[in-house]
Structures are given as C-alpha cells and as structure tokens.
Amino acid sequence: MTKGVILLCAGGTGGHLFPAEALAHELHKRGWTIHLATDKRAQQYTANFPALQTHVIEAASPSGMNPIKIVKAVLVLMKGMRTSRQLIGDLKPKAVIGFGGYPTVPPLMAAAGKMPTMIHEQNAVAGRANKMLAKRVTMIAGGFLKAEGAFADKIIETGNPVRPAVKEASAKAYAPIGKSGPINLVVFGGSQGAQFFSKTIPAALAKLPEGLRARIHLTQQARPEDEDEARAAYAAIGVKAVVSSFFSDLPNSISNAHLVMARSGASTVSEVAAIGRPAIFVPYPHALDHDQAANAAALEAVGGAKVMRQSDLDADIIAAEFERLFQSPDELTNMAAAAKAAGKPQADILLADLTEAIASGKSVAELKAAQS
C-alpha cells in the first residue's frame, strides 16, 4: 500500500531532472507514489524516471526587456497555474518538491500555504525560478547553496542527489594512466556548451605529440549539427572518437575516464565528484547568475578539479594542459581522490528523509535542531 503521493516538479533539462530522478527512486523505494510535473523538453530524460504519470505544465520565463514577450510569458504562467491547481486538487499530494526551472513555478505557487513544499537548489547561486519561490515554500534544500542570506532559516544543505546510474558508476575505482595503453578523455557540455568543445578540442588534440595523440580514446558530446564535422576532424588526426549529441550511459563513460572536460552545471559537478574523476571545468560564460563558475570553484577549492575560463582558452593552451596532465598520472590520481572525497552520493537519502519529514508535518526549525 502506498504511503501517498509526492509531486516532483522540474524544468525539462537534465540539470533539473537528474536530481529529481534520484529523489524519485529513493521515495519510490520507500513506498511513495511519484508524479512528475515538467515541460515538453523532458521526454529524452525521463525513460528511467519512476513516476506513475508525467504531467506537462506550460511555463515561460518573464525575463528580458520586451514588454510583449513579458506579457505573453505571464499569460502562459497563469495558464500553468490553472493546470497546476487542477492537478494538485486531483492528486492531493502529501508534499510538492521543486528542482528549478520555470515549469516548477505554477505547481509550487499553487501548493504553497496549502501543503508542505520544498525547493532544491542545485547551484551555489540560486536560479531565477527558485528565487521567485523561496519566500513561499516551507523549506529550501541546498546542493551547493549554503545556509546563509535572506532565507538562511529555511535552508538545509543536502548536496545534490545523483541518479542510480551514477551511484553504480561511483563503485568503480579510478584507474591511473599507464605508461602505455589508452588514455580515456570524456568531453561534454550540454546543449549550450557543446559547440565550443566541438570547435576547439579537435584542434587541441591535433597539437599533441603523435605518440600521445595515438593513445587518446575520446568520448565527446556534440550538438547534432556539429557531429559530422567533429567526427571528420578526429578521423583526420587519427584520434579514436565516439561523438554523439546524447549519451544514455554517460555515468559509465565518466567512470572509465582518466580525465573529464565539461561545463560545470550543478548536476555535472556533483556527478563527476560522486564518481571521483579529475576534471577540467570550463564554466558556461553566458550563464546569467554565473552559477557554473561558483559550482566549479567549490570542487577546485578541495583539489578535485581545475577551472579554466573559456575566454582564456584556445587550442594551444588546451593542448599544453592535456599534455601536462596526461604526463602527470599522480596529479590526476590525487585529483580523482579529492573529487571523490567531496562527493555526496547519499544526498538522495537525506533529501528523501527531509521530504518525508515535512510531509509528516515537521517544521524546518525542528529539522535544523535535529541536524545540529
């Protein structure tokens, strides 16, 4: 018999959906029925999401300076509110939990004050949707977000939940680079970040000494429109490369990596740390809140990663850093150990505990007192 319904809400990107999926698995295992509210983009990420049903919520970002676009966005959000009120009335969830993105705004606004609500902020800097909701919700769980500032009394630091596939990959120990044999390099950047890597990584690898370049086994994410060009570039320089716009088994690829190069969204940093692999993070330079830079800095501070600004990079600089690291296996091994030590693979359990606690009527003050 089910304990009741928990409604999880997330924007339709991997960065929002992956931690929601991790919590969903843990709550489902404990006997809860899970429903997911998201947007139309979520389809490619929800194959393993243990929700009884997925509900599409219309939402839009009321940002920018164009008044017509702002009005249209507000009208879309109002439509999402009507849908959300009906959904919550039908499901009668014990709690509503949001993971960021504008599709979370209507259901959390509809639920606030009527039942326990929580938002999970993955990043070190809160996103715009979560900033809108912070005042209204019962509790705020922090991934990289610290319990400080205007809503410190609501924030409990949990870390970022990682998916079961990441937990499974984290069991594999880091294998140092040998004196011979393949060097596994994994490069990915998300939908907004892959183009930079598709253009610069082939040029960088071309500059490596031939003997070193021949050892590279590359797994790289690229935008669909860049895939063929990237494959051709790697074939021309003799690099063994698997290039795709989407990898369903990316955690497994990360676990096999000697080095990861990636953007630094919260899920990416958390998953790389949980698996325990050395990384070069290149924060997306156009992120509105500079959250990626803050996320990456947290792992760099403990020695688990290097952070390099895109504006400082070109093929020569990347090639020099690759060559230095590939010839310094002890440094990479130490980085892997530091990343692993900073990882929080049990964050889903803590977040599930908090979800059950607020669903049973406990206050944030009680939960903070229990933690201290």
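**Overall shape.** What radius of gyration would a compact globule with 372 residues have, and what does the protein chain have? The globule rule puts the value near 21 Å, and the protein chain has 21 Å, so the two agree. I noted that this is a predicted model. Along the principal axes, the C-alpha atoms fill a box of roughly 65 × 50 × 40 Å. I counted 15 helices and 13 strands in the chain.

I looked up burial next: 53% of the 372 residues are buried. Among contacts with a separation of 6 or more, 66% join residues 24 or more positions apart. The accessible surface comes to about 16200 Å², and carbon and sulfur atoms hold 55% of that.

**Cores.** The largest nonpolar core has 34 residues, and Leu 185, Ile 201, Leu 205, Ile 216, Met 261, Phe 322 and Phe 326 touch the most other members. Elements that each supply at least two residues include β8 (183–188), α6 (190–206) and α12 (315–326). The most comes from α12, with 6 residues. I then followed Leu 185: among its partners beyond four places in sequence are Leu 205, Ile 216, Phe 322 and Phe 326. A second, separate core has 27 residues, including Leu 8, Ala 42, Met 139 and Leu 354.

**Surface patch.** Which residues make the nonpolar surface patch of about 350 Å²? I found Val 71, Val 74, Leu 75 and Met 78 there. Val 71 lies in helix α2 (residues 67–91). Its relative accessible area is 48%, so Val 71 counts as partly exposed.

How values were computed. Residues numbered from 1 in each chain as written. Predicted model: local features only at pLDDT ≥ 70, side-chain atom pairs only at ≥ 80, totals over all residues. Heavy atoms only, no water. Core = buried A, V, L, I, M, F, W, Y, C linked by side-chain atoms within 4.5 Å. Buried < 20%, exposed > 50% of the residue type's maximum accessible area, 1.4 Å probe, protein only. Helix = DSSP H or I, 4+ residues; strand = E, 2+ residues; numbered from the N terminus. Contact = heavy atoms within 4.5 Å. Patch = residues over 30% accessible without salt bridge, like charges linked within 9 Å, V, L, I, M, F, W, Y side chains within 5 Å. Areas by Shrake-Rupley, 256 points an atom, 1.4 Å probe, with all protein chains shown as cover. Salt bridge = Lys/Arg side-chain N within 4 Å of Asp/Glu carboxyl O. Rg over C-alpha atoms; globule rule 2.2 N^0.38 Å.
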